[in-house]
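Me: I'd like to walk through a structure with you, one question at a time. Could you show it first?

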Amino acid sequence: MAAPHTPRIANPEARWPVVVAVLAVSGILLALPHSLVLGPQWFLPVLVTALIIPTAIAHRVGWHEADRVLGYVISGVVTLALVGSLALLILRLPEKAESASKLLRSATLLWFTNILVFAIWYWRLDAGGPHHREIRGKHTSGAFFFPQMMDSAPHVDPHWSPRFVDYLFLSFCTSTAFSPTDTPVLSRWAKLLTMVQALISLLCVAVLASKAIGSL
């Protein structure tokens with residue numbers, strides 16, 4: 001089947017940072033204790049790898065709808081794994097089934113996972129997704145108002161469009177400061193996502209604080 005005709009994109013965004021982020025999420029969750037992982041520990045890395053391969057092929061040959069749908073599936077899978085592990089972590093706290101050091105390490109790993117998972121979501125959803133942003137060539141509207149979108153922003157490429165690292169920075173700020181800092185959130189879905197991310201980050205920090213205080 002021939003790939004559909006698509007406009008020529010002058011400066012397409014490399015997808016490898018997103019692939020690395022997804023694989024990093026799988027690796028981080030694989031490092032958690034078995035009691036904090038939903039299902040067999042090998043299942044998530046195998047499933048994610050199996051989904052990444054057809055996604056990369058679909059992107060390469062120009063099947064952008066298949067690429068988009070598979071991307072949503074991957075993001076949904078890693079999000080469920082994150083939420084499930086966090087829920088198990090909170091449930092294990094009163095039981096004291098795991099040592100304090102393992103719980104502290106697990107909460108830290110989940111905090112980092114939270115950053116990567118939501119960076120992937122923001123990158124995948126903002127302004128119709130990466131393919132639509134590339135077609136437009138210049139990013140003038142979306143769910144987030146980046147400083148580079150201001151008319152008075154100095155030394156900005158006239159064809160500037162956010163890349164994965166911009167969404168990673170946004171996600172990092174949301175997890176550390178519990179707000180997007182320099183990038184206002186405009187759309188309702190983005191506000192809901194940033195709220196969920198901040199809540200997950202707060203829960204991880206609360207677990208870290210409680211175990212740190214308990215070990216004194």
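Here are some questions and answers about this predicted model.

Me: Gladly! Let's begin with the pocket: which helix gives the most to the lining of the largest pocket?
Reply: The largest pocket holds about 420 Å³ of space. Of the 22 residues that line this pocket, the closest to its centre are R15, T55, D67, W123 and R124. Helices α1, α2, α3, α4 and α5 each supply at least two residues of the lining. With six residues, the one that gives the most is α3.

Me: Staying with that helix, is S75 buried or exposed?
Reply: S75 lies in helix α3, which covers residues 64–95. Its relative accessibility is 2%. Buried means under 20% relative accessible area, so S75 counts as buried.

Me: And which residues is S75 in contact with, leaving aside its neighbours within four places in sequence?
Reply: S75 belongs to α3, and contact here means heavy atoms within 4.5 Å. Once neighbours within four places in sequence are left aside, the partners of S75 are I120, W121 and R124.

Me: I120 makes me curious about P17: how far apart in space are P17 and I120, C-alpha to C-alpha?
Reply: P17 lies in helix α1 and is partly exposed, with a relative accessible area of 23%. In sequence, P17 and I120 are 103 residues apart. In space, their C-alpha to C-alpha distance is 9.9 Å.

Me: Now a backbone question: what is the phi of A127 near?
Reply: A127 sits in the loop between α4 (100–125) and α5 (130–136). At 17% relative accessibility, A127 counts as buried. Its phi is positive, in a residue other than glycine, and is near 55°.

Key: Residues are numbered from 1 along each chain as its sequence is written. This is a predicted model: local features need pLDDT of at least 70, side-chain atom pairs count only at pLDDT 80 or more; totals for chains, interfaces and linings use all residues. Side-chain values use heavy atoms; hydrogens and water are left out. Helices (H or I, at least four residues) and strands (E, at least two) are DSSP runs, numbered from the N terminus. Buried means under 20% relative accessible area, exposed over 50%, partly exposed in between (1.4 Å probe, protein chains only). On a 1 Å grid over the protein atoms alone, a cavity is a set of points where a 1.4 Å probe fits but cannot get out, and a pocket is an open set with protein on both sides within 12 Å along at least five of seven lines; lining residues have an atom within 4 Å of a point. Grid points are joined across faces, edges and corners, and a volume is the space filled by probe spheres set on the points.
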